[in-house]
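Biologist: Hi, I'd like to walk through this one with you. Can we put it on the screen and start with a single residue?

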Amino acid sequence: MSLEGQFQKVEEKLFQNRYMVDSGQPHIRITPHDKPSKNLLAMTHLCPAGCYSVAESGQVELTADGCLECGTCRVLCEESGDITWNYPRGGYGILFKFG
Amino acid sequence: MIDEKFDAIVIGAGMAGNAAAYTMASRGLKVLQLERGEYPGSKNVQGGILYADMLEKIIPEFRNEAPLERRLIEQRFWFMTDKAHTGMHYRNEDFNEEKPNRYTIIRSQFDRWFARQAQEKGAILLCETTAIELIQDAYGKVVGVRTDRSGGPIHADVVVLAEGVNGLLGARSDLRPRPTAQQVALAVKEMHFLPPEVIEARFNLKSDEGAVIEAAGTISNGMTGMGFIYTNKESISVGIGCLVSDFAENETSPSELLEAFKKHPSVAPLIAGSEVKEYAAHLIPEGGYKAIPQLFGNGWVICGDAGQLNNAIHREGSNLAMTSGRIAGEAIFQVKSRREPMNADNLALYKKMLDESFVLKDLKKYKDMPELLHTQAQNLFLTYPQLVSKAMENFVRVDGKPKIEKEKDTVTRFRKARGTFGLIGDAFRLARAWR
């Protein structure tokens with residue numbers, strides 16, 4: 001069942017959060033690829049912060065600024081080498097006000 | 001940066017890490033605690049329910065000062081279909097006891113308080129410090145950590161890995177595997193703010209009383225998952241979580257699943273008019289007993305979510321984390337008191353004590369449940385809720401149809417959906433996994 005289009009967008013949800021963005025130092029990187037793997041492509045739906053998207057060229061892109069550091073993409077895509085996953089530097093990234 | 005050597009370095013200032021740091025520091029050990037967030041709790045997410053008994057065993061007087069939201073007097077389980085829910089509610093005035101059994105908490109506040117207790121006992125806490133690597137000696141014994149701060153490595157006799165479900169250190173050093181998609185659920189949660197009196201009216205509560213709703217059914221789109229609604233003092237936590245493997249297979253967006261849950265006619269009135277102040281996501285260990293990695297070795301122990309110590313059936317995690325942290329601290333203290341090395345042989349004491357505690361006894365009891373829930377997701381989360389809902393409707397809707405026909409309809413629906421042997425098999429499988 002697709003729920004797309006009916007609800008509040010993820011970007012609007014992320015506005016309520018507090019972040020300390022480490023500009024120019026994304027903590028997750030996508031390995032350059034021609035065709036995305038099944039799991040990497042799934043992240044475009046799965047990422048709860050909507051960080052993953054499909055570019056016109058068909059490759060999967062990542063903007064990690066809104067990352068909630070849940071680790072879902074690490075579980076699905078790190079072992080295969082699709083991505084590299086690190087923590088943001090200490091003090092950076094999502095800072096939960098409530099958690 | 002730090003030249004001195006510590007008795008123990010604790011990675012993380014969540015439930016497990018704070019319990020371990022507190023336990024060791026209060027027994028006179030020299031403890032360094034590392035937290036990558038700006039403050040303890042800033043990277044942590046929980047529903048969240050605090051179980052008093054396990055905290056009492058660490059800080060008996062915690063009720064006097066810990067930031068607690070509401071004491072829980074009512075538990076609701078909802079079996080949901082698209083437009084209905086069949087509920088089982090348990091409310092008991094005895095929960096208004098002098099020392100209540102369960103409270104809702106807000107982790108960023110609670111973790112700050114808990115970490116401060118450890119500091120007051122002498123633990124040194126370094127925030128905004130990410131541990132990036134374990135240091136091992138020539139024999140493979142863990143002897144310290146490297147952080148992302150300037151300066152060299154920091155040394156200790158033992159490292160307590162309380163780094164959470166998504167901890168990197170243990171996996172990087174091959175001490176534990178990265179969790180698989182079948183072993184973790186992804187949960188998303190929002191904080192909905194409302195005046196306390198509105199929350200109390202909507203949930204039928206008096207001041208400081210709280211209720212929780214845990215819901216399963218069609219809300220998870222046939223995936224293994226659960227929704228939850230917890231009352232805090234002036235906010236309501238609303239969330240939903242499903243197995244990552246199910247999310248991946250169904251290509252479902254968790255944020256849209258949460259939106260659909262919030263719009264359910266049974267849920268929407270509870271949160272109507274609220275102001276949302278945060279949107280969070282976190283993984284929950286769901287692998288159970290069979291997914292628990294090796295929990296100790298030469299110079300290291302693993303506590304809490306990092307060790308998959310979570311009881312998915314009872315939705316208990318923070319208490320297992322807290323207890324494993326406390327037990328690790330006690331075991332390390334015992335080894336230290338005997339002036340013996342922090343090697344695997346001696347640290348096996350931690351596992352032995354954990355085996356004897358409720359932590360591993362409970363997880364062992366439900367060792368077959370995760371598999372059952374994963375393989376029977378369609379039945380448990382789609383078919384049965386719809387059957388139950390229809391049975392209830394047949395029972396309560398009055399429309400002139402003879403009751404005998406209505407009962408027949410209910411029985412026929414169950415038989416048709418699962419078959420007589422299917423029904424018996426489901427009951428048998430559940431009973432076997434449960435005991």
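Biologist: Which helix of chain B does Thr23(B) lie in?
Modeller: Thr23(B) belongs to helix 1 of chain B, residues 15–25. Keep in mind as we go that this is a predicted model.

Biologist: Is Thr23(B) buried or exposed?
Modeller: Buried. The cut-off is 20 or more other C-beta atoms within 10 Å, and Thr23(B) counts as buried because it has 27 C-beta neighbours inside 10 Å.

Biologist: And which residues is Thr23(B) in contact with, leaving aside neighbours within four places in sequence?
Modeller: Those contacts are Ile58(B), Gly325(B), Arg326(B), Gly329(B) and Glu330(B).

Biologist: How far is Thr23(B) from Leu205(B)?
Modeller: In space, 36 Å from C-alpha to C-alpha. Along the sequence, 182 residues separate Thr23(B) and Leu205(B).

Biologist: Let's zoom out. How many helices and strands are there in chain B?
Modeller: Chain B has 15 helices and 17 strands. Its radius of gyration is 23 Å, close to the 22 Å that the globule rule gives for 435 residues, so chain B is as compact as a globular protein of that length.

Biologist: What box do the C-alpha atoms of chain B fill?
Modeller: Roughly 85 × 50 × 40 Å, taken along the principal axes. Of the 435 residues of chain B, 51% count as buried. As for contacts between residues at least 6 apart in sequence, 72% of those in chain B join residues at least 24 apart.

Biologist: How is chain B divided into domains?
Modeller: Domain 1 is made of 6–69 + 105–177 + 289–366, domain 2 covers 184–285, and domain 3 covers 370–434. Between the C-alpha centres of domain 1 and domain 3 of chain B there are 43 Å.

Biologist: Now strand 10 of chain B. Why is it largely enclosed by the rest of the structure?
Modeller: Strand 10 of chain B spans residues 154–161, and seven of its eight residues are buried, so the rest of the structure largely encloses it.

Biologist: Which strands does strand 10 of chain B pair with in the parallel sense?
Modeller: One is strand 1 of chain B, residues 6–11, over five bridges. Ile9(B) stands opposite Val159(B) in that region of strand 10. Another is strand 17 of chain B, residues 300–302, where the parallel pairing has three bridges. There, Val160(B) faces Val301(B).

Biologist: What about strand 9 of chain B?
Modeller: Strand 9 of chain B, residues 142–147, runs antiparallel to strand 10 and is joined to it by two bridges. Gly144(B) stands opposite His155(B) in strand 10. The hairpin of these two strands has six residues between them, and Gly151(B) takes a positive phi near 105 degrees in that hairpin.

Biologist: Changing topic: how many residues of chain B are in contact with chain A?
Modeller: 46 residues of chain B, in contact with 35 residues of chain A. On the chain B side, helix 3 (107–120), strand 11 (184–193), helix 6 (244–250), helix 7 (254–263) and strand 15 (275–285) each supply at least two residues. Strand 15 of chain B gives the largest share, eight residues. By type, the chain B side divides into 19 nonpolar, 14 polar and 13 charged residues.

Biologist: Last one: what is the mean pLDDT of chain A?
Modeller: The mean is 93, with 94% of the residues of chain A at 70 or more.

Technical notes:
Residues numbered from 1 in each chain as written. Chains lettered and ligands numbered in written order. Predicted model: local features only at pLDDT ≥ 70, side-chain atom pairs only at ≥ 80, totals over all residues. Buried ≥ 20, exposed ≤ 12 C-beta atoms within 10 Å, placed from the backbone. Helix = DSSP H or I, 4+ residues; strand = E, 2+ residues; numbered from the N terminus. Pairing = 2+ DSSP bridges. Contact = placed C-beta atoms within 7 Å. Nonpolar A, V, L, I, M, F, W, Y, C, P; charged D, E, K, R; others polar. Rg over C-alpha atoms; globule rule 2.2 N^0.38 Å. Domains from an automatic or database assignment. pLDDT = per-residue confidence, 0-100.
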